[in-house]
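Trainee: Please take one part of this model and walk me through it closely. I would like to know where it sits and what surrounds it.

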Amino acid sequence: MEIELGDDVRLRPFSWDDRDALIRYANGEAGAKQLRDLFPNPYTLDDADNWLRLVVEQEPMTKLAIA
């Protein structure tokens, strides 16, 4: 399932290919200021793996990646 939001923006299921992007964007300073205290900082490879284990095979799919 994909949802087109515009010319270059869509919502889609997470995949294991998202791991590096998750780490890169989760460790950005702007994002860290907006997230709750429970969000890991720094966001590590293990954090990304744990998240992806939860959402990649999730049924029904309730978490989507912004691409």
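Mentor: Start with Arg12, in strand β2. Keep in mind that this is a predicted model. Is Arg12 buried or exposed? Its relative accessibility is 16%, so Arg12 counts as buried. The cut-off for buried is under 20%.

Now the surroundings. Leaving aside residues up to four places away in sequence, Arg12 touches Met1, Glu2, Asp18, Leu64, Ala65 and Ala67. The side chains of Arg12 and Asp18 are joined by a polar contact of 2.6 Å. Pro40 is another matter. Arg12 and Pro40 are 28 residues apart in sequence, and their C-alpha atoms are 24 Å apart in space.

Val9 lies in the loop between β1 (3-4) and β2 (10-13). Val9 has 36% relative accessibility, so it counts as partly exposed.

Finish with the loops on either side of α3 (45-55). Pro42 sits in the loop between α2 (29-34) and α3. A cis peptide bond joins Asn41 to Pro42, with omega about 5 degrees. Pro60 sits in the loop between α3 and β3 (64-66). Glu59 and Pro60 are also joined by a cis peptide bond, with omega about -5 degrees. Most peptide bonds are trans.

Key. Residues are numbered from 1 along each chain as its sequence is written. This is a predicted model: local features need pLDDT of at least 70, side-chain atom pairs count only at pLDDT 80 or more; totals for chains, interfaces and linings use all residues. Side-chain values use heavy atoms; hydrogens and water are left out. Helices (H or I, at least four residues) and strands (E, at least two) are DSSP runs, numbered from the N terminus. Buried means under 20% relative accessible area, exposed over 50%, partly exposed in between (1.4 Å probe, protein chains only). Contact means heavy atoms within 4.5 Å. A polar contact is a pair of N or O atoms within 3.5 Å; within protein, one must be able to donate a hydrogen and the other to accept it, and residues adjacent in sequence count only if both atoms are side-chain atoms.
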